[in-house]
Amino acid sequence: MNILNKSFLSKKMYLQADGMAAANLSFNINALQNNTLVLTEAQFNKIANFIEENVGIKMPHSKKLMMQARLSSRLKAKGFSSFDEYINYVFANHSAAQDEMVMMIDALTTNLTHFFRESPHFDYMTSTVLPNLLEMGITRPELWSAGCSSGEEPYTLSMVMQEYMRAHKASFADYHILATDISTRVLEKAMNAVYPMDSVSKMSFDMKKRYFLKSRNPETPLVRIKEAVRNKVSFQRLNFMDEKYSVNSKKHIIFCRNVLIYFDKPTQEAVVSRLVEQLVPDGYLFLGHSETIFGMNLPLRTVAPTVFRKQS
């Protein structure tokens, strides 16, 4: 079965996680005692090779226990008592197996982010990128948060745009942000736009008041992104390993941060090349602080630390 099948990937698979628990997954103790929930080397290699070939993420042997723990919840959700049963099911050629394949990828994908992560990027965007776009005559910029995880990055971009438009009344008429991720689980969370109260603890009072709604229940300290910020963001499932990205319009700004670190060098170059194809001439690409395009043959020039501009 080919996970890259276009009709499969293009479906809007905003699926519930079948009661999947969070990272600290509980084991089926009886099954463990019978040694049926222990992932063998052969089973680990089969799944790890599949993930690397189809998602691009390397899974070294050090990830074996993590894989075992996270997939145990999928066995429980589907009613299987062994990894053999689960693997035979998930690699079978039928539609239910394809849906479970998405759940398996979700379970094995690490998603870590927070609002205004690597804040110098947003400072540079405000001080340099947005004024440059205005000079280019761009009044409705298109932005893309590629690898958006649970939504903090695209919503941060939306807040940055709102703040800039508040400070510069005659600047942009509007903007739109595309946010993509391979994980349907985190996309669902991102669309809900509900976060723990402490995730905004470092923001100023004014920012929190302008852009967040506060839960009235003190026992559930949560916040939700306000509608004016949410409505500027649309979410879509996308696999970086696709040969071509299904993106409707060229982008003026692309954020793809802390994603390339999971790929080998040839895959990194292939992914960045496909991202650059979606940039307008003189558009901007932001990568993570530990990522580089050194040695890659790409039409990009460095304009700031891990910020690149497409050559026109």
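A residue counts as buried when its relative accessible area is under 20%, as exposed over 50%, and as partly exposed in between (1.4 Å probe, protein chains only). The model used here is predicted: local features need pLDDT of at least 70, side-chain atom pairs count only at pLDDT 80 or more, and totals for chains, interfaces and linings use all residues. Residues are numbered from 1 along each chain as its sequence is written, and side-chain values use heavy atoms, with hydrogens and water left out.

**Exercise 1. Find E118 and N258, and decide whether each is buried or exposed.**

Step 1: start with the location. E118 is found in the loop between helix 6 and helix 7 (120-135), and N258 lies in the loop between strand 7 (251-256) and helix 12. Helices (H or I, at least four residues) and strands (E, at least two) are DSSP runs, numbered from the N terminus.

Step 2: apply the cut-off. E118 has 18% relative accessibility, so it counts as buried. N258 is buried too, with a relative accessible area of 13%.

Step 3: look at the backbone. Most residues other than glycine have a negative phi. E118, however, has a positive phi of about 50°, and the phi of N258 is positive as well, near 60°.

**Exercise 2. Work out which residues of helix 5 are buried, and what covers them.**

Step 1: list them. In helix 5 (residues 83-90), the buried residues are F83, Y86, I87, Y89 and V90. Because they cover an arc of only 160° around the axis, they sit on the same side of helix 5; the arc is that of the directions from the helix axis to the C-beta atoms.

Step 2: find the cover. It includes helix 3 (41-55), helix 4 (64-78) and helix 6 (95-108).

Step 3: take a closer look at helix 6. The axes of helix 5 and helix 6 come within 8 Å and cross at roughly 115°. Axes are lines fitted to C-alpha atoms, for helices over the stretch in contact, and angles run from 0 to 180 degrees between N-to-C directions. Helix 5 contributes Y86, Y89 and V90 to the contact, and helix 6 contributes A96, A97, E100, M101 and M104. Contact means heavy atoms within 4.5 Å.

**Exercise 3. Which residues does V276 touch, not counting residues up to four places away in sequence?**

Step 1: At 4% relative accessibility, V276 counts as buried.

Step 2: read off the contacts, which are P299, L300 and K310.

Step 3: compare sequence and space for one of them. V276 and K310 are 34 residues apart in sequence, yet 7.2 Å apart in space, C-alpha to C-alpha.
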